[in-house]
Amino acid sequence: MKIAVFGPARRVGLVVDDSVVDINAAYARLLADTTSHTRPQAQADAAVPADLNAFIAEGRAALDGAQTAVVHLADLGPNAEAIDGGPLRFALSDITLHAPIEGASRIFAALANFADHMQAAAANASAEDSQATLARLLAGGPKYFAKDHRSASADGDLLYYPSRTERLDYEAEVAVVIGRRGKNIPVEEATSYIYGYTLLNDWSIRDNVQLGPNFLYWKNFDGAATLGPWIVVDEIDDPQNIPLESRVNGEVRQSGNTSSMVHDFSSLISYLSTDQTIWPGDLIASGTPRGTAVDSSRQNADGSFPAELFVGPGDVVEISSAPIGHLRNEIAPTKE
């Protein structure tokens, strides 16, 4: 299943072929047609919520309800309406899909989690302390940073070039979506907390980055976390065998697989939940494989990087994974 967030009201939809079904409204129609519930919409709001995080928190029951509603909708035919007379099915080409994240959900992003990415960066480092810093990042257990959920952007959105950079980079990543509340989760139980999978482009500013208290400044700006296009549920058997790729203006830059993660998703979930509750709708991103502009560019002696491989206004960046989907964003000039 592909769970999307769509339209002006940011409702949960189920992607079916080239359309999106409003699954809350479809479930209400199912109840009205097949049961004696006197308040089918209220029952649907509780069982198959229209809000993403509430829908995720309902777990298997909401997914089963959504599937049953879609089957019923197919039996009703293409002109079926909601109980209030509104539409139930929308063409993907006619609606806006939003980043699949809501409310207070957090974006935890693994740092230095693909050895080939870090080894390439180290090989291209010439500044005095760069290789030592990269070695420290790879040593020991998982490391992460956070991206503000309010900086999330979606497939097709313009990314306005940040005014504070001359070195904007892309990072293709897979993110797991947490399906239930947990704390101090053992590694061997961690995969049971994975609800589904989505894609992340972890846009990054690379000008004079400092791995210290101000690191998040280079990772957070408007649009800096492109997510989507939806959450894939029940279609991926192994979280550690997911291919991912990035292209810039059609040229393949990254081609990797989550099998190469230094710390797998189970380790990340266990680590992040130590003394900290993780919640339905939180996202944990994989880190990125080799092929970013920063790990493909020979560092100058002053610590800067040549500009050739970094992206700017007019460039189109695409992130894709065969079992998940595709993100495409064009970079626009700086927005005043």
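Colleague: How many residues does helix α4 have, and how far does it reach from its first C-alpha to its last?

Modeller: In this predicted model, helix α4 covers residues 59-76, which is 18 residues. From first C-alpha to last, α4 reaches 26 Å, close to the 26 Å expected at 1.5 Å a residue.

Colleague: Which residues of α4 are buried?

Modeller: The buried residues in α4 are Gly59, Ala62, Leu63, Gly65, Ala66, Ala69, Val70, His72 and Leu73.

Colleague: At what angle do α1 and α4 pack?

Modeller: The angle between α1 and α4 is about 70°, and their axes are 8 Å apart. That value makes α1 roughly perpendicular to α4. The crossing of α1 and α4 is left-handed.

Colleague: Which residues make that contact between α1 and α4?

Modeller: On the α1 side the contact is made by Ile23, Ala26, Tyr27, Arg29, Leu30, Asp33 and Thr34. On the α4 side it is made by Gly65, Ala66, Thr68, Ala69, Val70, His72 and Leu76. By class, the contact of α1 with α4 has 8 nonpolar, 4 polar and 2 charged residues. Of the α4 residues in this contact, Gly65, Ala66, Ala69, Val70 and His72 also belong to the buried set of that helix.

Colleague: And α2? At what angle does α1 cross α2?

Modeller: The axes of α1 (residues 23-34) and α2 (residues 40-47) cross at roughly 130° and come within 8 Å. That angle makes α1 oblique to α2. Here α1 passes α2 in a right-handed crossing.

Colleague: Which residues are involved in the contact of α1 with α2?

Modeller: From α1, the contact is made by Asn24, Tyr27, Ala28, Leu31 and Ala32. From α2, it is made by Pro40, Gln41, Gln43, Ala44, Asp45 and Ala47. This contact has 7 nonpolar, 3 polar and 1 charged residues. Tyr27 of α1 takes part in the contact with α2 and in the contact with α4.

Colleague: Let us stay with glutamine 41. What does it touch?

Modeller: Not counting residues up to four places away in sequence, glutamine 41 touches Asn24, Ala28 and Ile83. Glutamine 41 lies in helix α2, and at 28% relative accessibility it counts as partly exposed.

Colleague: How far is glutamine 41 from tryptophan 218?

Modeller: Their C-alpha atoms are separated by 45 Å, and the two residues are 177 residues apart along the chain.

Colleague: Changing topic: which residues does a cis peptide bond join?

Modeller: A cis peptide bond joins glycine 228 and proline 229, with omega about 0°. Proline 229 is placed in strand β14, residues 225-232.

Colleague: What is the phi of arginine 10?

Modeller: Arginine 10 has a positive phi of about 55° although it is not a glycine. Arginine 10 is in the loop between β1 (2-6) and β2 (11-16). At 32% relative accessibility, arginine 10 counts as partly exposed.

Colleague: And aspartate 234, is it buried or exposed?

Modeller: Aspartate 234 counts as exposed, at 53% relative accessibility. Its phi is near 65°, a positive value in a residue other than glycine. Aspartate 234 lies in the loop between β14 and β15 (243-248).

Colleague: Where does proline 289 lie?

Modeller: Proline 289 lies in the loop between β17 (283-285) and β18 (316-321). Why does proline 289 count as buried? Its relative accessibility is 1%, and therefore it falls in that class.

Colleague: Which residues does proline 289 touch?

Modeller: Leaving out residues up to four places away in sequence, proline 289 touches Phe114, Asp116, His117, Ala172, Leu244, Gln254, Gly256 and Asp295. Proline 289 and glutamate 173 are 116 residues apart in sequence, yet 8.0 Å apart in space, C-alpha to C-alpha.

Note on methods. Residues numbered from 1 in each chain as written. Predicted model: local features only at pLDDT ≥ 70, side-chain atom pairs only at ≥ 80, totals over all residues. Heavy atoms only, no water. Axes fitted to C-alpha atoms, helices over the stretch in contact; angles between N-to-C directions. Helix = DSSP H or I, 4+ residues; strand = E, 2+ residues; numbered from the N terminus. Parallel < 35°, antiparallel > 145°, perpendicular 65-115°, else oblique. Left-handed = near helix turned anticlockwise from the far one by under 90°. Contact = heavy atoms within 4.5 Å. Nonpolar A, V, L, I, M, F, W, Y, C, P; charged D, E, K, R; others polar. Expected span 1.5 Å × (residues − 1). Buried < 20%, exposed > 50% of the residue type's maximum accessible area, 1.4 Å probe, protein only.
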